[in-house]
Amino acid sequence: MGASLDEVLAIAPIEKPKDLIGIQIGKEFFDFQSKVTASGEAQLITLSSDSPEARAMYRHSYSHVLAQAVRRLFPKAKLAIGPATSDGFYYDFDVERPFTPDDLEAITEEMKKIVKEGYKFERSYVSIEEARRMLKEKDEIYKLELLEEFAERGEEISFYKDGDFVDMCKGPHVPTTNEVKNFKLLGIAGAYWRGSEKNKMLQRIYGTAFLNKEDLKEYLWQLEEAKKRDHRKLGKELDLFSINQEEVGAGLILWHPKGGLIRHLIEEHCKAQHLKGGYEFVYTPHIGRSTLWETSGHLDFYKEGMYPALELEGEQYYLKPMNCPFHCHIYKSDIRSYRDLPYRFAEWGTVYRYERSGTLHGLTRVRGMTQDDAHLFCRADQMPAEMDKVLDFSLNLLRDFGLDKFKLYLSTRPEKRVGDESKWDAAEKALQESLDRSGLEYSINEADGAFYGPKIDICINDALKREWQLSTIQFDFNLPERFNLRYIGEDGKEHQPYMLHRALLGSMERFFGVLLEHLGGNFPVWLAPVQAIILPITDKHTEYAQGLHDRLKDAGLRIILDDSSNTLNKRIRNAQKQKTPFMLIVGDEEVSNSEVTVRLRTGENLKDKSVENFLSYARERIVKREAI
Ligand SMILES: [Zn+2]
Ligand SMILES: [Zn+2]
């Protein structure tokens with residue numbers, strides 16, 4: 001039997017802060033009324049620290065308040081589960097009819113009352129028999145199912161009571177229902193009991209809560225904005241790509257001409273940078289014999305991620321889930337000398353991976369994708385310089401797309417691993433020192449590296465402050481061994497090179513989806529599929545407009561003329577919907593002065609009406625890859 005937190009605090013030489021809501025020992029969290037069973041150094045969780053633990057504690061407490069409100073309004077509702085999530089909380093109910101938006105409002109009002117009434121969360125420990133009796137009395141079939149599992153695992157059973165409401169729960173919770181006052185119910189969704197289609201569909205109400213009103217407001221703005229910027233929605237509106245699950249297949253992307261053009265421009269820029277950075281382009285097939293995937297170990301370690309085999313002339317072929325084995329063979333195709341290292345093989349390689357259909361999501365989770373992949377082979381003494389180069393290269397490339405809020409992570413050796421300790425030491429050191437030299441902040445994910453090598457992940461924060469992982473720089477001690485990669489050293493002996501995998505944008509699909517949401521579809525001038533649109537006010541201005549169109553087109557702008565019969569306002573609205581950077585409007589004045597009125601996507605007009613000056617304005621933005 002453990003002690004309660006109050007008892008721990010009574011004997012521990014720590015001062016109890018006013019807003020203390022709980023305690024963390026190791027990986028476990030406890031509230032005031034928990035029996036503290038874990039051992040180790042105790043850390044206090046205060047409400048105002050607004051740590052993930054504190055958030056989880058008050059958000060989960062709100063799920064009790066939610067259930068309490070639902071019970072008051074729908075006495076027959078049966079309770080399932082109500083956890084905190086990374087940005088809110090939910091509770092699943094079994095109710096006679098689905099909840100409506102009106103219900104949500106009524107529930108919100110009831111919750112406000114419960115918050116105001118300020119009940120204490122009181123915990124009581126009960127025997128299994130007693131718990132069974134209590135739950136049976138209320139016919140809580142879902143809780144009974146959970147109870148039997150807890151009992152089987154020999155866990156202690158506790159109930160929390162706040163006012164007129166009692167719920168079986170392990171906690172922890174904040175001390176009272178009015179600790180935090182800023183919550184919002186966000187929606188209703190169907191959810192199968194335990195996530196299985198074989199079970200009954202329950203009604204999930206989800207919401208969120210924040211310590212500060214401003215944080216809640218910002219979060220709600222982000223949610224609204226994220227909906228508007230959803231890349232699947234923008235992809236359709238701007239005619240960039242589509243997915244035809246029924247006929248083409250799930251997770252396979254069709255790039256339309258405008259999306260294809262943007263992708264081409266992204267690739268063109270990146271490839272030019274790669275050539276400048278000393279990379280050499282290689283091309284490898286989409287399929288490879290089973291023997292290749294046996295050597296590489298993919299059939300041992302990655303088979304669930306691969307498409308099934310294709311049979312041909314008694315041999316089996318697999319679609320490639322990765323490009324590395326092919327690049328290893330290119331390395332192996334000749335005797336390599338220490339003088340020729342490093343090799344940097346780059347390929348826009350299209351790979352196919354099996355992802356469960358339920359996890360597929362627009363462009364960000366797909367089954368067919370093209371990586372901006374490269375494999376580096378170098379000597380030990382070249383590692384620090386190569387690391388600096390590749391890290392710098394990656395950050396600069398992301399900056400070119402306006403992504404400059406980085407978060408870096410170094411993942412170090414896991415318990416189960418291959419490769420000499422000395423190699424792990426050297427590689428981890430090279431990665432860490434390179435991160436130090438970059439001057440950027442980074443976190444270390446201890447023991448989180450792959451079994452074959454340590455890595456750096458580069459994440460970016462987008463305009464909505466969401467974190468996306470894009471670049472990975474990954475050492476590999478496994479493939480050089482499996483493919484027996486060697487080079488002849490200065491000593492005339494054979495040595496194994498260090499091998500690095502790196503994908504900087506990640507995959508073109510995912511990067512495009514992230515960029516689309518980050519920009520809200522407002523591609524900078526250098527990437528906009530249509531950079532300018534000419535809008536003659538009436539028919540009599542069309543001839544001049546056509547001439548202007550041809551002149552600017554010859555000058556290299558991606559420009560179109562809209563002389564359709566729609567009103568000028570309608571044509572402007574269309575151009576705005578398409579997020580065209582420049583709208584060039586021509587009427588009587590512009591024709592007689594050989595000028596142009598330039599309206600920017602942002603709604604402002606350029607003061608200068610000279611065509612030449614507009615052209616240099618546009619060119620400057622293109623060259624500098626600037627937004628307008
Ligand atoms: Zn609870
Ligand atoms: Zn690779």
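S27 is mostly covered: 10 of its 10 residues are buried. Buried means under 20% relative accessible area; exposed means over 50%, and partly exposed lies in between, with a 1.4 Å probe and protein chains only. Strands (E, at least two residues) and helices (H or I, at least four) are DSSP runs, numbered from the N terminus.

This is a predicted model, in which local features need pLDDT of at least 70 and side-chain atom pairs count only at pLDDT 80 or more, while totals for chains, interfaces and linings use all residues. Residues are numbered from 1 along each chain as its sequence is written, chains are lettered from A and ligands numbered from 1 in the order written, and side-chain values use heavy atoms, leaving out hydrogens and water.

Start with the pairing. S20 and S27 run antiparallel and are joined by seven bridges. Two strands count as paired if DSSP finds at least two bridges between them. Cys378 has Tyr498 of S27 as its bridge partner. Strand S24 (residues 467–476) is also antiparallel to S27, through five bridges. There, Gln474 is bridged to His501.

The zinc ion (ligand 2) has three protein donors: Cys324 (SG), His375 (NE2) and His501 (ND1), at 2.0 to 2.4 Å. Donors are N, O and S atoms within 2.8 Å of the metal (3.2 Å for Na, K and Ca); water is not among the atoms, so sites may look incomplete. Along the sequence, the donor spacing reads C-x50-H-x125-H. The histidine pair links distant parts of the chain: His375 sits in strand S20 (residues 368–378) and His501 in strand S27 (residues 498–507), 126 residues apart. His375 is buried, with a relative accessible area of 0%. His501 is buried too, at 12%.

Now the nonpolar packing. The largest nonpolar core has 59 residues, and Ile266 and Phe401 have the most contacts inside it. Such a core is a set of buried Ala, Val, Leu, Ile, Met, Phe, Trp, Tyr and Cys residues joined through side-chain atoms within 4.5 Å. Helix H12 (residues 383–400) gives this core its largest share, eight residues. Setting aside neighbours within four places in sequence, Ile266 is in contact with Phe401, Leu505, Met508, Phe511, Phe512, Leu515 and Leu527. Contact means heavy atoms within 4.5 Å. A second, separate core holds 35 residues, including Ile45, Val65, Phe99 and Val174. In soluble globular proteins, nonpolar side chains tend to be buried together.

Another histidine is worth a look. His231 lies in helix H7 (residues 231–237). His231 is buried, at a relative accessible area of 0%. Not counting residues up to four places away in sequence, His231 touches Phe241, His361, Gly362, Leu363, Thr364, Gly513, Leu516 and Glu517.

In helix H2 (residues 52–73), 16 of the 22 residues are buried, so H2 is largely enclosed by the rest of the structure. In helix H17 (residues 568–577), the buried residues are Arg571, Ile572 and Ala575. Seen down the axis of H17, these fall within an arc of 100°, so they line one face of the helix. The arc is that of the directions from the helix axis to the C-beta atoms. Asn569 and Lys577 are exposed on the other side of H17. The buried residues of H17 pack against strand S28 (532–536), strand S30 (582–586) and strand S31 (597–600). After H17 comes Lys579, with a positive phi near 60°.
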